[in-house]
Number of protein chains: 2
Amino acid sequence: MWWSENEWAALTDPLTCGMCADAHLDENEHSTLVASTATTHVRIARNQAHRGYCIVILREHVTDVGELSPEQLSAFWADAQRAGRAIQAVFDPRKIDYLVMGHRMPHLHCHVFPQHSSDDPKRNVDISDRSDDHSPLALREDARTLRHSWDEQSSSAG
Amino acid sequence: MWWSENEWAALTDPLTCGMCADAHLDENEHSTLVASTATTHVRIARNQAHRGYCIVILREHVTDVGELSPEQLSAFWADAQRAGRAIQAVFDPRKIDYLVMGHRMPHLHCHVFPQHSSDDPKRNVDISDRSDDHSPLALREDARTLRHSWDEQSSSAG
């Protein structure tokens, strides 16, 4: 069964939203900041079982893609695309998935989720695939490398 | 292990691509056409374990989101958003996921994947969740209902 009305109201409340609280921080429990734009924060996940895995988080507290204005929608996906290009340049995955789910954390975000040579394309995609979490130092290094690549990507390039 | 270079080359070859062959057909093995735009074909899946489940397929044969021009990217997601709004209006899900994967069928497409009251938000999302396939008649009826809703959604509404 889905969350009850009360549970869902709590999860979608901006006053208690975990992403509103920590999406902009240099480091939080789950990830490290790579870049911020007018529309999103781009963060690299501490869980690097899929090397390069990042999360693109809308700044505004919105749950439903359907609520976005055309300008917000375009800007959100331009940032997600730019993150994907930066990941491609640095980590050279075979494929990148783009996943908007957020069942536990409905604040709108996209998992930019690389698939590498060692990954099985026939397995169901699972963002909870686990490796040992990156050390804070290693994650900061990855974030720095990715930030350079992000800066080199033009979000408006064809 | 990921597909070999040869396997991936075959999967991504437009000459043998299954979606290039059947994305535009009124009915194919997997789905029924709801609507077409200059950029995409929107289809309702025969597997309606998640009622309202649709697939938004880029007309052009592209594998990587990173390859899209800004105009294509915006138009693709505007169509996916519009499909989501149409699904919301007809099937009233609790949440809609937007999933770009395509490990077996890399031609760019987005699964617009509703979650209903009966779905467990803590289970990993799995597009292969199964129910009895919809009968061709039932699917045509759903497609017709959804098409009316699609026509009522403005893809440019804020």
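Over all chains, the count comes to six salt bridges. None of them joins chain A to chain B, where the count is zero. The model is predicted.

**Salt bridges**

- Glu27(A) and Arg140(A) meet through their side chains in a salt bridge, at 2.9 Å from N to O.
- This pair links distant parts of the chain, 113 residues apart. Glu27(A) lies in the loop between helix 2 (18-22) and strand 1 (31-36) of chain A. Arg140(A) belongs to helix 4 (residues 136-152) of chain A.
- Glu27(A) is partly exposed, with a relative accessible area of 34%. Arg140(A) is also partly exposed, at 36%.
- In chain A, Arg123(A) forms a salt bridge with Asp129(A), with the closest N and O atoms 2.9 Å apart.
- Arg123(A) counts as partly exposed at 43% relative accessibility. Asp129(A) has a relative accessible area of 15%, so it is buried, the cut-off being under 20%.
- In chain B, Asp129(B) forms a salt bridge with Arg123(B), and the closest N and O atoms are 2.9 Å apart.
- Asp129(B) is buried at 16% relative accessibility, whereas Arg123(B) is partly exposed at 43%.

**The interface of chain A and chain B**

- The size of an interface is often given as the accessible area lost when the parts come together.
- Trp2(A), Arg94(A) and Pro121(A) lose the most area in chain A to chain B. Together they account for 18% of what that side buries.
- The contact takes 42 residues from chain A and 43 residues from chain B.
- Helix 1 (5-11), helix 3 and strand 4 (95-100) of chain A are the elements that give two or more residues to the side touching chain B.
- Helix 3 of chain A supplies the largest share of that side, seven residues.
- By class, the chain A side that touches chain B has 17 nonpolar, 15 polar and ten charged residues.

**Strand pairing between the chains**

- Strand 4 of chain A pairs with strand 4 (residues 95-100) of chain B. The sense is antiparallel, over three bridges.
- Leu99(A) has Leu99(B), in strand 4 of chain B, as its bridge partner.

**Thr63(A)**

- Thr63(A) sits in the loop between strand 3 (54-58) and helix 3 (70-91) of chain A.
- Its relative accessible area is 16%, so Thr63(A) is buried, the limit being under 20%.

**A hairpin in chain B**

- Strand 1 (residues 31-36) and strand 2 (residues 40-45) of chain B run antiparallel, joined by five bridges.
- The two strands form a hairpin with three residues between them.
- Ser31(B) stands opposite Ala45(B), which is in strand 2 of chain B.
- Five of the six residues of strand 1 of chain B are buried, so this strand is largely enclosed by the rest of the structure.

Methods: Residues numbered from 1 in each chain as written. Chains lettered and ligands numbered in written order. Predicted model: local features only at pLDDT ≥ 70, side-chain atom pairs only at ≥ 80, totals over all residues. Heavy atoms only, no water. Helix = DSSP H or I, 4+ residues; strand = E, 2+ residues; numbered from the N terminus. Buried < 20%, exposed > 50% of the residue type's maximum accessible area, 1.4 Å probe, protein only. Contact = heavy atoms within 4.5 Å. Buried area = accessible area lost by both parts, 1.4 Å probe. Salt bridge = Lys/Arg side-chain N within 4 Å of Asp/Glu carboxyl O. Nonpolar A, V, L, I, M, F, W, Y, C, P; charged D, E, K, R; others polar. Pairing = 2+ DSSP bridges.
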